[in-house]
Amino acid sequence: MTTWFKVYREIFDSDLWHDVTTFRVFIYLIGKASFKDGFKYKGITLDKGQYIRSYRKLADDLSYKEGRGYKKYSLNTIKRCVQKLVDAERLNVKETELGTLFTILNYAKYQDLEDSNESKENAQSEEVRTNSERKENEDRTKGEQYQELKNLRIKELYTTTPTTDAIQFYQNNFPGEPSAFERDSMMQWIEDCGDDLVIEALKRSLDRNKRNWGYAKSILNSWHHKNIKTVEQAKAEEVQFQNQRTHQQSKKPYYPRQQSAAVVPDWFKQNKHKQKQVEPEEKQGESVIDVQQRLQEYLQASGGSS
């Protein structure tokens with residue numbers, strides 16, 4: 001079955017039109033809201049203009065294509081856009097067991113059918129202008145439209161994303177401004193882990209001379225898999241790692257370095273051999289002289305006594 005919904009023209013003259021993400025959230029909620037009273041959803045009765053969805057699933061629903069892949073908004077971004085709609089009195093929210101109940105305020109203004117004759121008159125009066133606008137849009141290439149949407153997305157991200165302590169630390173210590181994708185990624189980690197843990201990961205990146213967000217994010221991923229959620233746990237894990245490393249190094253056997261034998265020339269070996277052959281003769285000669293000297297001393301002593 002084919003269905004449709006209307007868009008109130010006032011929306012194009014409001015601030016909402018210039019806020020890309022908030023505009024997408026609002027249009028999506030209008031399109032998904034129940035168009036009649038009494039709609040049953042998992043045991044809950046919805047009135048006209050109501051819709052139930054978790055913030056996390058809403059972020060998945062609003063994922064968008066950029067380049068060759070798809071990206072999605074952080075939960076913090078979605079909640080901030082919803083709060084804008086609440087502050088502008090366009091939306092009410094209420095938490096339930098099945099998710100957040102979104103209620104479009106003044107839903108009748110957006111979706112109730114007006115008198116058919118009035119509708120026809122409006123359609124005829126707008127026909128000429130609509131045709132000219134259509135021609136103008138066709139003249140623009142898809143690349144230009146994509147670039148304009150991307151520029152609006154970047155502008156909206158920088159003007160609506162708050163500068164947290166972690167982002168401020170990055171701006172003060174890392175080269176260049178974070179890209180829109182990096183900033184959005186930081187906001188997701190900040191929302192999940194908090195500023196302090198993200199700053200700790202950034203500090204370790206600096207200590208290891210890895211001045212980029214990708215390395216800091218790899219540290220956060222490692223902590224996530226180890227269920228580390230606080231700076232204290234991260235520091236305790238680092239101490240344990242260093243202790244294990246020291247213990248393993250102390251258990252390694254010690255092998256003394258063997259000294260290489262010096263190269264002895266042939267002529268030296270030959271001289272050494274000759275000395276060994278001459279040595280006994282010299283010692284033998286010395287022993288004969290000693291015997292003769294002792295004999296002479298004995299004879300003199302004997303002659304003197306007789």
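This is a predicted model: local features need pLDDT of at least 70, side-chain atom pairs count only at pLDDT 80 or more; totals for chains, interfaces and linings use all residues.

Colleague: How are two packed helices described?

Modeller: Two packed helices are described by the angle between their axes and the distance between the axes. Here, take α7 (residues 165-173) and α9 (residues 195-207). Their axes come within 8 Å and cross at roughly 20 degrees. Angles under 35 degrees count as roughly parallel, so α7 is roughly parallel to α9. The crossing of α7 past α9 is right-handed.

Colleague: Which residues in α7 and α9 meet?

Modeller: From α7 come Asp165, Ala166, Phe169, Tyr170 and Asn173. They meet Asp195, Val198, Ile199, Leu202, Lys203 and Leu206 in α9. By class, this contact has seven nonpolar, one polar and three charged residues.

Colleague: And the cores? What is the general idea?

Modeller: In soluble globular proteins, nonpolar side chains tend to be buried together. In this model, the largest nonpolar core has 26 residues. Val25, Leu29, Ile78 and Ile104 have the most contacts inside it.

Colleague: Which elements give two or more residues to this core?

Modeller: They are α1 (20-32), α2 (55-61), α3 (75-87) and β7 (99-104). α1 gives the most, with seven residues.

Colleague: What does leucine 29 touch, leaving out residues up to four places away in sequence?

Modeller: Leucine 29 touches Tyr51, Leu58, Leu91, Phe102 and Ile104.

Colleague: How many residues are in the second, separate core?

Modeller: That core has 22 residues, including Ala166, Phe174, Ala201 and Trp223.

Technical notes. Residues are numbered from 1 along each chain as its sequence is written. Side-chain values use heavy atoms; hydrogens and water are left out. Axes are lines fitted to C-alpha atoms, for helices over the stretch in contact, and angles run from 0 to 180 degrees between N-to-C directions. Helices (H or I, at least four residues) and strands (E, at least two) are DSSP runs, numbered from the N terminus. Angles under 35 degrees count as roughly parallel, over 145 as roughly antiparallel, 65 to 115 as roughly perpendicular and the rest as oblique. A crossing is left-handed if the near helix is turned anticlockwise from the far one by less than a right angle, and right-handed if clockwise. Contact means heavy atoms within 4.5 Å. Ala, Val, Leu, Ile, Met, Phe, Trp, Tyr, Cys and Pro count as nonpolar, Asp, Glu, Lys and Arg as charged, and the others, Gly among them, as polar. A nonpolar core is a set of buried Ala, Val, Leu, Ile, Met, Phe, Trp, Tyr and Cys residues joined through side-chain atoms within 4.5 Å. Buried means under 20% relative accessible area, exposed over 50%, partly exposed in between (1.4 Å probe, protein chains only).
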